[in-house]
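Trainee: I would like to go through the terms used for this model and see what each one rests on.

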Amino acid sequence: GFLFDEIKDKKVLDIGVVEHSIEHMESDGWLHKKIVEKSSYCVGIDIVSDLVRVLNERGYNVKDVDATSDIYIGEKFDIIIIGDVIEHVNDPIKLLEFAKRHCNKNGKIIVSTPNVFYYKNVLQVLKKTTFIANFQHTMWITPSMALEMARRSSLNFYGYRFFSKCHRFPQGILERKFPELLKDKLCFIFTLN
């Protein structure tokens, strides 16, 4: 898909690689493993120290770094991937500034996050008058919010797309007219100014 086309034979920084548990990291769906396989070079970062250590013992190149810090890890990358992390942090601008600091001049920052407009989310609000997602999430990010985040972090908002991590809908009028309702994920793309 789109992401694998973007990272093919590129130098990639993958932010937030641990994804909660060893079991998930051993599954076929673990994104970081796929990124490592498709890219020419990949560094992962995360703040879950014990799992970072386990990944390094298993041969991955992962650093124990807070991606909202002012740290520079000493390398720049063609593609920075921030997969389902931005909704967890206290300061998304600092996260984007960290990514910007590590991005090559012609590189891209690709950020995925849950889609607030996804029909199941909307139905839950209508049915229960609220929506409870992951308790570790601090916010939803919409395209207009991503545009403002780009401005505040001095990035170019290159665009966005809706996608579905696990659902496939037939190509029909509903999907063409209302992709935001049928896709459970949003992807934002930023470039350097």
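Mentor: This is a predicted model, in which local features need pLDDT of at least 70, side-chain atom pairs count only at pLDDT 80 or more, and totals for chains, interfaces and linings use all residues. Residues are numbered from 1 along each chain as its sequence is written, and side-chain values use heavy atoms, with hydrogens and water left out.

Trainee: Which residues of helix H4 are called buried?

Mentor: In H4, residues 49-57, they are Leu-51, Val-52, Val-54 and Leu-55. Buried means under 20% relative accessible area, exposed over 50%, and partly exposed in between (1.4 Å probe, protein chains only). Helices (H or I, at least four residues) and strands (E, at least two) are DSSP runs, numbered from the N terminus.

Trainee: What makes the pair Lys-11 and Glu-75 a salt bridge?

Mentor: The term requires a side-chain nitrogen of Lys or Arg within 4 Å of a carboxyl oxygen of Asp or Glu. The closest N and O atoms of Lys-11 and Glu-75 are 3.6 Å apart, so the pair qualifies. Lys-11 is in strand S1 and Glu-75 in the loop between S3 and strand S4, 64 residues apart.

Trainee: Why is Glu-75 called buried?

Mentor: Its relative accessibility is 17%, so Glu-75 counts as buried. Lys-11, at 26%, is partly exposed.
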